[in-house]
Amino acid sequence: MEANKQKIMSNREVKASAFTAYFGEPENAAKLFAALEGEEVKPEDIIYTTLEGVLFVARKNDMAFTVKNKILVISEHQSTINYNMPLRSIIYYGRTMERLIEPKKIYREKRIPIPMPEFYVFYNGDEPFPSESIMRLSDAYLEKTDNPMLELKVKVININLPIGHKLLKQCRPLYEYSWFIQQIKNYMSEEKNLDTALTKTIHDCEREGIMVDFVRKHGTEAVNMIFTQFNMEDALEVRYEEGFEDGAEKGELVNLIRQVSKKLQKGKSITQIADEVEESPEKVEEIVQAIKTANTTDIEKIYKKIQEMQKD
């Protein structure tokens with residue numbers, strides 16, 4: 001089996017959500033695999049095969065990695081559960097196989113060994129959902145049969161801290177991530193302000209020893225991941241996440257405007273800002289121009305000004 005390295009995105013190359021960035025650490029992925037599969041593995045056994053923009057269009061909150069003879073495809077849901085995950089998963093797996101296997105090999109008589117796929121969704125949204133559930137591709141079939149020739153199952157696990165799924169006890173990194181998200185939710189319900197909630201949660205992480213290395217390593221990048229994640233969850237409808245509208249792109253641009261505006265107020269140059277937010281100088285310059293033209297710090301008005309400038 002040969003991987004086409006130009007087509008497979010390593011977990012480091014994808015603009016990750018906090019979830020995929022955290023479990024993009026092989027040590028955490030190995031512990032997650034052990035909890036899910038009941039088999040201890042080493043971090044060096046983890047080989048990421050994450051594809052960009054297949055399960056989710058704008059947010060990279062899906063990930064895949066091979067471990068020995070298995071390939072795990074995992075995604076995170078923070079809004080409503082999407083019942084098309086089996087369909088998305090089969091597309092994801094098919095595209096993964098296209099990249100893992102040399103095209104000419106499938107026409108040879110000799111059987112090609114492939115990793116056994118397993119599909120998981122971790123849910124931590126606010127709507128009531130069972131501790132664990134199974135979705136089946138056959139549930140979507142127009143013609144029902146007891147034994148369909150093609151089936152794909154996705155295990156959905158509710159990782160909300162109050163639910164107390166056993167996986168949280170078996171996997172410390174997953175527990176810490178769920179704790180992290182729960183703290184943000186708790187502060188959001190009190191403060192109604194995401195910036196304040198994030199600041200307090202980061203402080204709590206330091207005090208309680210939760211995700212400390214991750215927060216220190218990623219710094220403001222980790223905060224931006226969460227801000228974008230929660231901002232889109234609060235402001236956008238589910239159809240935006242699925243790519244039917246451009247709302248998710250708006251969420252990312254709004255977050256970028258917010259970052260650029262703050263750094264501009266500190267007197268930083270376009271080049272400095274572009275380097276710090278990991279965007280092109282041209283993109284940053286466009287935002288700076290919109291800020292100056294709109295003559296306001298109101299993010300929504302700046303966003304509208306950018307839309308106007310792009311139309312001209």
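The legends below describe close-up views of a predicted model.

**View 1. Salt bridge between K217 and E25.**
The side chains of K217 and E25 form a salt bridge, with 2.9 Å between the closest N and O atoms. K217 belongs to helix α7 (residues 212-218), while E25 sits in the loop between α1 (18-22) and α2 (26-37), so the pair ties together parts that are 192 residues apart in sequence. E25 counts as buried because its relative accessibility is 14%, under the 20% cut-off. In total, the structure holds 15 salt bridges.

**View 2. Salt bridge between K155 and E132.**
K155 and E132 meet through their side chains in a salt bridge of 3.7 Å, N to O. This pair links distant parts of the chain, 23 residues apart: K155 is in strand β6 (residues 153-158) and E132 is in strand β5 (residues 132-136). K155 is partly exposed, with a relative accessible area of 29%. E132 is also partly exposed, at 37%.

**View 3. Salt bridge between R216 and E206.**
A salt bridge joins R216 to E206, and the closest N and O atoms are 3.0 Å apart. R216 lies in helix α7 and E206 in helix α6 (residues 194-208), ten residues apart, and the pair links distant parts of the chain. R216 is exposed, with a relative accessible area of 56%. E206 is partly exposed, with a value of 37%.

**View 4. The largest nonpolar core.**
This core has 43 residues, and the members that touch the most others are L36, F65, I74, F122, L174 and Y177. Helix α5 (residues 172-191) contributes the most to this core, giving eight residues. Leaving out residues up to four places away in sequence, L174 touches F23, L32, F122, I159, L167 and L168. A second, separate core has 20 residues, among them A64, I71, I81 and I101. In soluble globular proteins, nonpolar side chains tend to be buried together.

**View 5. T201 and the residues around it.**
T201 is part of helix α6. Its relative accessibility is 0%, so T201 counts as buried. When residues up to four places away in sequence are not counted, T201 touches F180, Q183, I184 and Y187.

**View 6. Helix α2 and the residue that follows.**
Nine of the twelve residues of α2 are buried, so this helix is largely enclosed by the rest of the structure. The buried residues of α2 are N28, A29, A30, L32, F33, A34, A35, L36 and E37. At 1.5 Å a residue, α2 should span 16 Å, and this agrees with the 16 Å between its end C-alpha atoms. An α-helix has 3.6 residues a turn, so residues three or four places apart point the same way. After α2 comes G38, which has a positive phi, near 70°.

**View 7. K68, a residue with positive phi.**
K68 is not a glycine, yet its phi is positive, at about 55°. K68 is located in the loop between β2 (62-67) and β3 (70-77). With a relative accessible area of 53%, K68 is exposed.

**View 8. M211, another residue with positive phi.**
M211 is a residue other than glycine, and its phi is a positive value near 50°. M211 is found in the loop between α6 and α7. The relative accessible area of M211 is 2%, so M211 is buried.

**View 9. Cysteines C171 and C205.**
Both C171 and C205 have a relative accessibility of 1%, so each counts as buried. The structure holds zero disulfides. A disulfide is a covalent bond between the sulfur atoms of two cysteines.

How values were computed: Residues are numbered from 1 along each chain as its sequence is written. This is a predicted model: local features need pLDDT of at least 70, side-chain atom pairs count only at pLDDT 80 or more; totals for chains, interfaces and linings use all residues. Side-chain values use heavy atoms; hydrogens and water are left out. A disulfide is a pair of cysteine sulfur atoms within 2.5 Å. Buried means under 20% relative accessible area, exposed over 50%, partly exposed in between (1.4 Å probe, protein chains only). A salt bridge is a side-chain nitrogen of Lys or Arg within 4 Å of a carboxyl oxygen of Asp or Glu. Helices (H or I, at least four residues) and strands (E, at least two) are DSSP runs, numbered from the N terminus. A nonpolar core is a set of buried Ala, Val, Leu, Ile, Met, Phe, Trp, Tyr and Cys residues joined through side-chain atoms within 4.5 Å. Contact means heavy atoms within 4.5 Å. The expected span of a helix is 1.5 Å times one less than its number of residues.
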